[in-house]
Amino acid sequence: MTNKTVLIFFFFSFWSLGNAYSQINSIIPGDDGRSWKLSTRSSFYEVWLTKDNEVKFSCYGDKLMKDISYRPLLKDELPTRNARNYAESVIELEFPDGVRNLDLTFESAEILDIDGYQTLAITQKDKLYPLRVTEYISVIYEKDLIEKWITVKNGAKDKRSGNIEIERLMSGSIFLPQNDYDLTHYSGWWGHELQPAVTTLTPGSKIIHVRDFKPYGSSFFAVKPTGEHDGFSGEVWFGTVDYSGNWKVQFEKSSTGELQILGGMNFWDQSVILKKGESFTTPKIILGYTREGLSGASRNIVAYTAERLPQYHRNTVRPVIYNSWFATGFGVTENNQYELAKVAKKMGAELFMLDDGWYQSKGIAMSLGDWTEDKNKFPNGLASLVKKVKQLGMEFGIWVEPESVVTTSELYKMHPDWILGYPNRDSRIDPHRIGREDKYYMLNLAREDVYEYLFDSYCKLLKETDIRYLKWDMNNLLTDVGFPSGTREEQMEVRIKYVENMYRLMEELRKEFPDLWIENCAGGGGRIDMGLMKRTDISWVSDVTDPVVRIFMHYSYLALYPASTMLDLVTDADNHELGLSMGFKFDVAMSGILGVGANILAWNDMQLDIAAKKIAEYKEIRPIVQFGIPYRLISPYETNRSAIQYVSQDGEKSVLFIYNLSEDPSGSTPEAKQSTIIRIKGLDPNAAYTIEGMDGTFSGKFLMEQGLDYHVRGAYKSRIFKISKK
Ligand code: DGJ
């Protein structure tokens, strides 16, 4: 590798891509050329040079700061490992002679246009060694966001100069003034995806991170001054790391009360060697500031993400999916899938998803790695089933797990050295998985031959079967990343190269099949993040389809990601044996991308009829749900209800979902004493609105300030309000 600039993380383009906001002067250099003021719609960021040419972070917060000169903080814009630094370092490295600190000084600054956004690029150099560090800050004006990333270059010209070893390189850092702060973030594990956690930050360090590629949570964070919030107002600093490998976000509170936030790749068990002339670029960290509380933070990050989903299907209405996993498990056959497809079509499903179990198997052991159909199950070939399903008038999707392999596969027999693992150690993961061969490994996707094998296999599969939807699963964890035949450099960089090739595989397959849909799945919602948002169209949120559990997960998910990516399936699951109605199950699944996963061959006519009606109702509202502005109104984490509202981008229509999770006798508990009036958001106060099923008209002002009495009585009852401008 001659140049380690990881271009895959983003595309530089030094010309405008037609973004109207690039015309706004969102970066203004000071008259003396020694400061830069960066503005978004309502936030302000400033960088200064001291008289000694040190690059300093001056402030990040409300736009009002722009007009005053008082600055409570002056910190290194890029803290490094050196004697004067009391902050956590963004960069830590070792020079060839063993020197491990840095002494950076300003070299140059320029304002670039990158992807249509004004971007400040500040280059610093080490006072002694040929090291250059360029920090980029892009201003996403209309979303109140900035993006930060860093390129480090070994600028040695002398042939005898040695390598620089990067031991830590985050994407950027910010500082908040002295105060008490609360952090909200989302963690999780299998079946418990995206659980919100709130903690007060005390002096010391709080770290959220992932080390096995599969967080089930998120790098998203929101930090707010303690106790000043109602969810819809108040200052919030927030952000997320644009990376699908191991990431890390650190909150470092000093004893004097200031807070540093820094994030990027997690350099746990990895380093990067820079040879002469080589450079390395980090993924981005996206940062935001708002005065509209957590709700404002969510709306900004969700809108930003929605604009970065893969372009081809970005604005395409998502299909109603039928997925057979919960009905037939590994026991798929041409016949049972076709029978399911016929009923699914009658109900109104638009895409049939054949899940795990379709490819080669040896007994109960599925041959992960050999991506051709099992002829015992599909005697006429997979292509024939696909054709028949398409003739019914449905698209066809298929499950794959590209990154895994089992030792009984032909692939493993031919290439036992393609797995990740250490010699003399057992690097199997999850050896007791039901239905799997117990020698279950991750492929070493950092290898070019592995990348090529996967690319060729899927090109062949998609071409021969005419399938255009992949459910891309990853059930494994990436832990023991041994690469015995690799150089030390390759071994230490294996995770970085792995992610690069995973992104590349998705991107190259899309180039080959531009209309391809990719569903992101990782044993449920194991790795939903900004990096995969940019490369997949739909996310499988969790293997738990119990609607009560899903109400909670959806509420979290919609704080971070667009509803147009949130897939739910109505299944037969009713894990708490609450006797949940079909209507309730559908109402829950309809708040994102609706799918059905139940054994519909066992459903009676009445059930099929309800399903058909609900699917038809969903098709009416889905453009507003999938592409509207989301407002999370009542949190199930705080009350026994949940309410989510979407407003169409033109403000003409809105859909409100209300779920009642339990109902205690009136006045008996604090929750039963709460009002059932809900204040709706995002309407035009001066316009008149009608609500389907309700008499009269309501002014926008009334609905937003006085509110709507939502009449949802009884536990596990739900209602969908459809609101239209008159
Ligand atoms: C885990 C996924 O989350 C499920 O939906 C299903 O696809 C299984 N893997 C299949 O192995």
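**Entry 1. The open sheet**

I began with strand S38 (residues 688-691), which pairs with S41 in the antiparallel sense over three bridges. Within this pairing, Ile 691 stands opposite Ile 723 in S41. I took two strands as paired if DSSP finds at least two bridges between them. Helices (H or I, at least four residues) and strands (E, at least two) are DSSP runs, numbered from the N terminus.

The model is a predicted one, in which local features need pLDDT of at least 70 and side-chain atom pairs count only at pLDDT 80 or more, while totals for chains, interfaces and linings use all residues. Residues are numbered from 1 along each chain as its sequence is written, and side-chain values use heavy atoms, with hydrogens and water left out.

I then traced the whole sheet: six strands form an open, antiparallel arrangement in the order S34-S35-S36-S41-S38-S39. Strand S34 (629-634) and strand S39 (698-699) are its edges, each pairing on one side only.

I next looked up how many bridges join S36 and S41. Strand S36 (residues 653-660) and strand S41 (residues 717-725) are antiparallel partners over eight bridges. Along this pair, Leu 656 has Phe 721 of S41 as its bridge partner, and Asn 660 stands opposite Lys 717 in S41.

**Entry 2. Helices on the open sheet**

Helix H11 (residues 582-589) lies across S36 and S41 and runs at about 50 degrees to S41. Helix H12 (residues 605-627) also packs on the sheet, where H12 touches S34, strand S35 (641-647), S36 and S41. The direction of H12 makes about 115 degrees with that of S36. Contact here means heavy atoms within 4.5 Å. Axes are lines fitted to C-alpha atoms, for helices over the stretch in contact, and angles run from 0 to 180 degrees between N-to-C directions.

**Entry 3. The barrel**

I followed eight strands that close into a barrel with parallel pairing, in the order S22-S23-S26-S29-S30-S31-S32-S33. The twist averages 30 degrees from one strand to the next. Strand S32 (residues 566-570) pairs in the parallel sense with strand S33 (residues 593-596) over four bridges, and Leu 569 has Gly 595 in S33 as its bridge partner.

Helix H3 (residues 334-347) packs on this sheet and touches strand S22 (321-323), strand S23 (351-354) and S33; the direction of H3 makes about 150 degrees with that of S23. Helix H8 (residues 494-512) lies across strand S29 (469-472) and strand S30 (517-520), at about 175 degrees to S29.

I also checked Tyr 312, which is found in the loop between helix H1 (293-306) and S22. Not counting residues up to four places away in sequence, Tyr 312 touches Pro 514 and Asp 515. The C-alpha atoms of Tyr 312 and Pro 514 are separated by 6.9 Å, although the two residues are 202 apart along the chain.

**Entry 4. The ligand**

A side-chain N or O atom of Asp 543 is 2.4 Å from an oxygen atom of the ligand. A polar side-chain atom of Trp 399 lies 3.2 Å from a ligand oxygen atom, and one of Asn 475 is 3.3 Å from a ligand nitrogen atom. The protein covers 98% of the 290 Å² of accessible area that the ligand has on its own, by the Shrake-Rupley method with a 1.4 Å probe.

Technical notes: A polar contact is a pair of N or O atoms within 3.5 Å; within protein, one must be able to donate a hydrogen and the other to accept it, and residues adjacent in sequence count only if both atoms are side-chain atoms.
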